[in-house]
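Open the model in your viewer and keep the selection tool at hand. Each stop below says what to select and what is there.

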Amino acid sequence: MAETEREAILEIRDLSIAYPISIGTVRAVEGVTLSVRKGEVLGIVGESGCGKSTLGLAVLKLLKAPGRVTSGSILYRGRDGAEAADILAMDDKSLLDLRGRKIAMIFQNPLTSLDPLVSVEDHFIEAIKVHEPSVPRKECLARAEAILADLGIEARRLSEYPYQLSGGMRQRIMIGLALILHPDLLLADEPTTALDVIVEAGFTELLMKLKRQYDLTVVLVSHNLGLVAEMADRIAVMYGGRIAELASANDIFEAPMHPYTRGLMDCVPNILLDQKELVAMPGSPPDLVNETPSCPFAPRCPKAMDICRSSVPALKDYGGRQAACWLYERKA
Amino acid sequence: MRRILRYVGGRLLLTVPMVFVLLTMVFVVLRVMPGDPVSAMLGGHAPQAVIDKKKAELGLDKPILAQYVDYLGQLARGDLGDSMILKEKVSKPISDKLPATIELTLCGLVVCLGLGVPLGVRAARKRRTGHDFGIRLYANVVYCIPVFWMGLMLQMIFGVFLDAFPIAGRVGSRVVSGEFDRTGFYIIDTLFSGNFEALGDVLYHLVLPAFTLGITLSGVFVRLTRANMLDVLKSDYVLASRARGVPERAVVYGHALKNALIPIITMLGLQFSALLAGAILTETTFSWPGMGRLLLERIYLRDYPTIQGIIVVYALFVSFVSLIVDVVYAIIDPRVRL
């Protein structure tokens, strides 16, 4: 454990995030503890509304109002192993320095993530100059051209505007903008949701290539199990704002522990099995407004026991992997 | 660039039929309206023979259609005709008064945008706070206030009670406008003649009328700016640029405001005619020697040719401004193909 602690470039500790709304408080993230190890691809999987995107935004302290962190800390250590700093306690200046330069983020919708009135080159120039104001325009363009070459985009696209580019191209430019300053960590929030399948396949390959080339650590937030399976080393499965299970990608797919993980996997159609019907998980995602002292998955869980409905299971270690489920806690 | 020039040429051609239609309507309405220049000049008790003679002199005895054809022929030669009341060309008072109106309108516009846009941005950024509430209240109140009443109130408060600003005219009595008057645009004239004392006086006289006009119209722009900024601030590219470490100021003014300005510019083109209409009332309230007051005067006198001439100039002014708006629009937004 000490070993992994040292390797962690980002450590989320007991993080809770709430959105006060008119009918109560939405507890989007509840007591999440998670560390991101240097050089890995960590997948965060879950249904929509499970808190995974909120988690990503919190790492850059970009939660949208009225969302706020109610407890916990997010320690960032960085690639060079410097002193860990709590992102949530940072002042504005350190935050601006962190965003883009150390931790970069790409978003769900590439079609709307570029300013429609700003040309591609001006996007790059801004991205560089925000952090390195002394870099001359010409060098900014040279760097942009170099990164576009890595992304397989011709340099002539630099002078074009977002509306002149396809969705896949815009997504690649978003990645280029994210990587132009060689950040330590890339947060990818549903990066392929808006892309079609062919583009998605190319995107996965590209991201893995860039990860090696730029010595990146990647946090991949997605509801798409296939995508995460292809890329992630470790996977955190989230449900109802909590981590249900955290294990290596292999373990998750070979032997899921949490009934929710199993259920998720059953929902993915498998072309090798002769399935007559798709399996849907019964019930609907949990209500995050009304707090109940129970496992959030209990109402939909095929293996729910009495204890599941009366108290919340903690995330516990089971031989190198973690799960939050009473099924195992009692046996252990 | 060629694309833009071609578009401008096309638009200019389009103003010809527009002015033609407008002019036809004004021509007919004026002659259908009760009263005519002759009775306005001679009063109600002149002998019929004198009236008939005068009417024949002015060509008013002919059928409307014949008058119309005559007028169009004249207009085609680029001649707005002669006044029916005074012995002068129609173009004379118009060219005298037009600069005063343009100066007032443009200054009003500057005040309007200078108040409306920053207040709207502030309200959007401070959404649901006291600032936001106060600014929205301001916007709704000034939106409801008639421009002449706003003028009277400003005159009373700043002119009479506080005695801070003049309430009438373009220059004070100590300034002789003949000394610098070249183009009729006093700000430009005084600047170029280096007469800074007069420039100060001109600006001093502009304050109340320009604010009257600007404040009244700023309500629309506050609300429009606020609504658009709220929308744009929620957009993905704003979040994405924040995630890249772009400072808040640059996010708000560089990305968000620029995008929010597009509908504001459109609105500007639409509101410009309201601005001119407001200017007519403001000129009257502040004894501003502009086209608005001239128009009003000549409507009382039923000076048909001068009224028609003024309407033509107003129409050209409005279509010129909307043309500029369209070009600015195309420059800001790369997606617009003119």
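**Stop 1: a loop in chain A**

Select Glu190(A), found in the loop between β7 (185-189) and α7 (197-213) of chain A. Helices (H or I, at least four residues) and strands (E, at least two) are DSSP runs, numbered from the N terminus. The phi of Glu190(A) is near 45°, a positive value in a residue other than glycine. Is Glu190(A) buried or exposed? Glu190(A) counts as buried, at 6% relative accessibility. Buried means under 20% relative accessible area, exposed over 50%, and partly exposed in between, with a 1.4 Å probe and protein chains only.

Some ground rules before you move on. This is a predicted model, where local features need pLDDT of at least 70 and side-chain atom pairs count only at pLDDT 80 or more, while totals for chains, interfaces and linings use all residues. Residues are numbered from 1 along each chain as its sequence is written, chains are lettered from A and ligands numbered from 1 in the order in which they are written, and side-chain values use heavy atoms, with hydrogens and water left out.

**Stop 2: a loop in chain B**

Now select Ser287(B), in the loop between α11 (248-285) and α12 (291-300) of chain B. Ser287(B) is not a glycine, yet its phi is positive, about 45°. At 33% relative accessibility, Ser287(B) counts as partly exposed.

**Stop 3: the whole of chain A**

Select chain A and switch to cartoon view. How many helices and strands are there in chain A? Chain A has twelve helices and twelve strands. Its radius of gyration is 21 Å, close to the 20 Å that the globule rule gives for 332 residues, so chain A is as compact as a globular protein of that length. That radius is taken over C-alpha atoms, and the rule is 2.2 Å times the number of residues to the power 0.38. Along its principal axes, the C-alpha trace of chain A spans about 65 × 50 × 45 Å. Of its 332 residues, 53% are buried.

Now look at the contacts (heavy atoms within 4.5 Å). Among those in chain A between residues at least 6 apart in sequence, 66% join residues at least 24 apart.

**Stop 4: the whole of chain B**

Select chain B. You will find 13 helices and zero strands. Its C-alpha atoms fill a box of roughly 85 × 50 × 40 Å along the principal axes. Buried residues are 47% of the 338 in chain B. Among chain B contacts between residues at least 6 apart in sequence, 74% join residues at least 24 apart.

**Stop 5: the largest pocket**

Rolling a probe the size of a water molecule over the atoms shows where empty space is left. On a 1 Å grid over the protein atoms alone, a cavity is a set of points where a 1.4 Å probe fits but cannot get out; a pocket is an open set with protein on both sides within 12 Å along at least five of seven lines; and lining residues have an atom within 4 Å of a point. Grid points are joined across faces, edges and corners, and a volume is the space filled by probe spheres set on the points.

Select Leu63(A), Lys64(A), Ala65(A), Arg242(B) and Glu248(B): of the 23 residues lining the largest pocket, these lie nearest its centre. The volume of this pocket is about 990 Å³. The largest share, three residues, comes from α3(A).

**Stop 6: the cavities**

The whole structure has four cavities of 30 Å³ or more. Select its lining residues, among them Tyr239(A), His258(A), Cys295(A) and Phe297(A). Strand β10 (residues 242-248) of chain A gives the largest share of this lining, three residues.

The second largest cavity has a volume of about 60 Å³. Select Ile12(A), Ile44(A), Val59(A), Leu187(A) and Val219(A), the closest to its centre of the 13 lining residues. Here α2(A) supplies the largest share, four residues.

**Stop 7: Leu60(A)**

Finish with Leu60(A), in the loop between α2 and β4 (68-76) of chain A. Leu60(A) is buried, with a relative accessible area of 0%. Beyond its neighbours within four places in sequence, its contacts include Leu95(A), Ile103(A), Met105(A) and Ala243(B).
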